[in-house]
Amino acid sequence: MKLYNTEEITGQKYLFFTGKGGVGKTSIACATAIALADRGRQVLLVSTDPASNLQDVFQRPVSQHGTRIEEVPGLTVVNLDPVRAAEEYRESVVAPYRGLLPETAIRNMEEQLSGSCTVEIAAFNQFADFLSGRQEHDAYDHILFDTAPTGHTLRMLQLPSAWDQFIMTSKHGASCLGQLSGLEGRKEVYRQAVATLSDAGLTRLVLVSRPSSAPLKEAARSAGELRQLGICNQILVINGMIGPQDGNDPLAAEMVRLQQKALAGMPETLKGMDTYEVPLRSYGLSSIANIRRLLTEDAFRPEGMAAADADALPLDRLIDELHRLGKRVIFTMGKGGVGKTTIATEIALGLRQRGDSVLLTTTDPANHLNSRLAAQWGISLALIDEQQELENYKREVRQKAKDAGVTDFSYIDEDLRSPCTQEIAVFRAFAGIVAKADAQTVVIDTAPTGHALLLLDATQSYDRQIAHSAGDTPQAVKDLLPRLRDQRQTEVIIVTLPEATPVFEAQRLQEDLRRAGIPQRWWVINQSLQLNETTSAFLQARRQAERQWVERVKEISGGHAVLIGWKEM
């Protein structure tokens, strides 16, 4: 395995960085962009992640139309804000009709374009423009995409063919519950986007992973699915490698052992791939200076031996309160890769040990729930199978139409072919699972932040979307948002790491939840070295860097912060 060297991998104009949430895609993408700009190239770095944190790295607001970074001449960064993009897309569709149609008709158009699917469409529209736009192609030597976590990225990359197929087979124009009404003229843009993604001379895919089993398996799955899309020019970057010089310390030695075990068990599909490594650094990566030296050096100066955090609250304290208060719906939320699944499983196990009847579920497309452990302790599991839910929903819609006397199914089948239908089907399943809280405690391991918020936001737009197809709204959907807003029933637990970016991201999540009227109090700081004994100077430096973020979370949460030490995830 070679050290990651930007000079070896930047022969293409377009570079995509993808991988499981929390593996360091943004850090590697930013470091690559800065290294290229420092060599005199004109570079555009675009984030297509609804939970982007480019603003944290560059320590300033980042526009969706481009922000030049003065400290890095030649570098322009773009945040594709899905919500703002949806607003602009909605207005672009509606604006030509203002003053020509009655106000009631305009409001109806805006209503049809208010769903969460519009956010996906709008974000992809911008993504495709950057990928196929002649202006960007001529202005920049390299265009880098810091993509969303794997499940969302794969769905987005499949959209060109999905939208195109829907438009081509539509007999009544692009309806898709109104969401696709602005896409008829986009066929050539999407065709060019797919051609560019598949062109090995233009595009290289950088699969980013950590040296642990789950991210490596996710990278292998992504690699295979992307190859099926024709995106075959791929390399693998293992981020966060711990050097053997720390092997004398028991904790560091255990970290090295686990990473070597994971690399030895790497899926076969990855072993033949060009692979590079980036060492684990002792410093945080929330500044341009540190990102600039991420690929070159790790100078650290530990100031004494940092003591363990004596005020840390254990996870059992949180579980005791959830049990005592009789909470029925418990979410774990946070940035991808912070350990939401592990925490959700431990909470479910703890509640079951206290005598509660528990249902554990996930809305994450890349779920990693431990079914064997759940069965051992008598915990029910409810996994959302997207394809199965889609087929169930289609059958239900057709049956309702048949019962209503419909004989011409062409318009209904048209809507059911649209990509929006899967969003609705999965959301119905999610609402149905939450409704089970009437009889047991439901612990929900949610998707990474952006996807989770879009899912929750769908509670407010779902009625308008489903009215165009099934014609009515299930009671579970009607009950969902009131239940989520009821602090007597619902507890949202934010999971983070003791690092700048996960904490900043968690703060934004808390603000968004509060704007949605969903109460939030407890935080879990996962994988903290504050609770681990170590004599390694390197790990001591990382422990010291953590302390300010641990203290910050304690302050934000008003003391409702659980601290969990480092362990294998």
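This is a predicted model: local features need pLDDT of at least 70, side-chain atom pairs count only at pLDDT 80 or more; totals for chains, interfaces and linings use all residues.

Q: How many residues does helix H17 have?
A: Helices (H or I, at least four residues) and strands (E, at least two) are DSSP runs, numbered from the N terminus. The expected span of a helix is 1.5 Å times one less than its number of residues. H17 (residues 386–403) has 18 residues and reaches 26 Å from first to last C-alpha, close to the 26 Å expected.

Q: Which residues of H17 are buried?
A: Buried means under 20% relative accessible area, exposed over 50%, partly exposed in between (1.4 Å probe, protein chains only). Leu390, Tyr393, Lys394, Val397 and Ala401 are the buried residues of H17. They fall within an arc of 100 degrees seen down the axis (directions from the helix axis to the C-beta atoms), so they line one face of H17. Lys402 and Asp403, on the other side of H17, are exposed.

Q: Which strands stand at the edges of the sheet?
A: Two strands pair if DSSP finds at least two bridges between them. Here 9 strands form an open sheet of mixed pairing, in the order E1-E9-E8-E7-E2-E6-E3-E5-E4. Strands E1 (2–3) and E4 (67–68) stand at the edges with a single partner strand each, so one side of each has no neighbour in the sheet. E1 and E9 (residues 275–279) run parallel, joined by 2 bridges; Lys2 has Tyr276 in E9 as its bridge partner.

Definitions and conventions:
Residues are numbered from 1 along each chain as its sequence is written. Side-chain values use heavy atoms; hydrogens and water are left out.
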